[in-house]
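This report walks through a few residues, starting with the core. Have the sequence and the 3D view ready.

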Amino acid sequence: MPSSNTTDSPLKKPVTVSSLQDMKQAGDKFVVLTAYDASFAAILERAGVEVLLVGDSLGMVMQGNTTTVPVTMDQMVYHTKCVSVASGNALVMADMPFMSFPDPVRALDNAARLMQQGGAHMVKLEGGAHVTGIVENLAKHDIPVCAHLGLRPQAVHKLGGYRVQGRDSAAAEAMLKDAMAMQQAGADLLVLECIPSALAKRITESLSIPTIGIGAGRDCDAQVLVLYDVLGISVGHQPRFAHNFLADLEPGDVSIESAVRAYVRAVKAKQFPTDEHTFK
Ligand code: KIV
């Protein structure tokens, strides 16, 4: 049975957007990992993961689709609820799926569903300058927002594949501008996916809000991975930034919780990601 008993949790106080902000100021890395159900949420919390991301990556790792595009709002609400019932002090962040934020009004309704029906503490949405008005409206209604720049998996058909973003100087400057616009619009966190490490460093140093990297080098304020990659159970092509922490464990200590603990320790000690997980 999953346990939501917070006494099991090494997180002694509820994780909030302001405690994450304090960690950035102090130079302490925080750890984000995807969770889609109650049993894994309880394990991640016991292992010390500060932010449980109910990612729309569930469309790929749970549903077997080749992209996140088919994921619906109803599915996101369902999985967010499964995670939030088992979380104790961790912050639960839920992805807004493809086409759930086409305008500020529908975005507000859908973000409210993720919080009221799903129990999320915060929502995440992909996009740059074109979603500024949406982020502003959510922030105005006291909804904590994590923006997501770089490789935006929901835009895979427009981008022409899962490719590193921001490699040339024009694209890098545009991403820095988008990052500033997200912060200005009221975003509390920013995911940077699959971008050169030097650009992620520059964006992280330019912003007061924390950045969360995935394939974005070691200089972001936090790291996120897909849980199934950490456990080595994802099917098909493994991205360069993925790492199987279960495979690294010593015989005699091989468990899901130990693998997640190893990920947490490696991020906090700035030992993950390494150059082999990073793009230049
Ligand atoms: O959906 C997801 O899991 C994500 C992370 C990979 C950042 O957006």
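## The core

The largest nonpolar core has 95 residues, and Leu138, Ile203 and Ile212 touch the most other members. Its largest share, seven residues, comes from helix 11 (residues 256–268). A nonpolar core is a set of buried Ala, Val, Leu, Ile, Met, Phe, Trp, Tyr and Cys residues joined through side-chain atoms within 4.5 Å. Buried means under 20% relative accessible area, exposed over 50%, and partly exposed in between (1.4 Å probe, protein chains only). Helices (H or I, at least four residues) and strands (E, at least two) are DSSP runs, numbered from the N terminus.

This is a predicted model: local features need pLDDT of at least 70, side-chain atom pairs count only at pLDDT 80 or more, and totals for chains, interfaces and linings use all residues. Residues are numbered from 1 along each chain as its sequence is written, and side-chain values use heavy atoms, leaving out hydrogens and water.

## Alanine 111

Alanine 111 sits in helix 5 (residues 104–116). Its relative accessible area is 0%, so alanine 111 is buried. Beyond neighbours within four places in sequence, alanine 111 is in contact (heavy atoms within 4.5 Å) with Met96, Val123, Leu138 and Ile143.

## Glutamate 50

Glutamate 50 lies in the loop between helix 2 (38–46) and strand 2 (51–54). Glutamate 50 counts as buried because its relative accessibility is 7%.

What does the side chain of glutamate 50 reach at 2.8 Å? The backbone nitrogen of valine 31. A polar contact of 2.6 Å also joins the side chains of glutamate 50 and lysine 268. A polar contact is a pair of N or O atoms within 3.5 Å; within protein, one must be able to donate a hydrogen and the other to accept it, and residues adjacent in sequence count only if both atoms are side-chain atoms.
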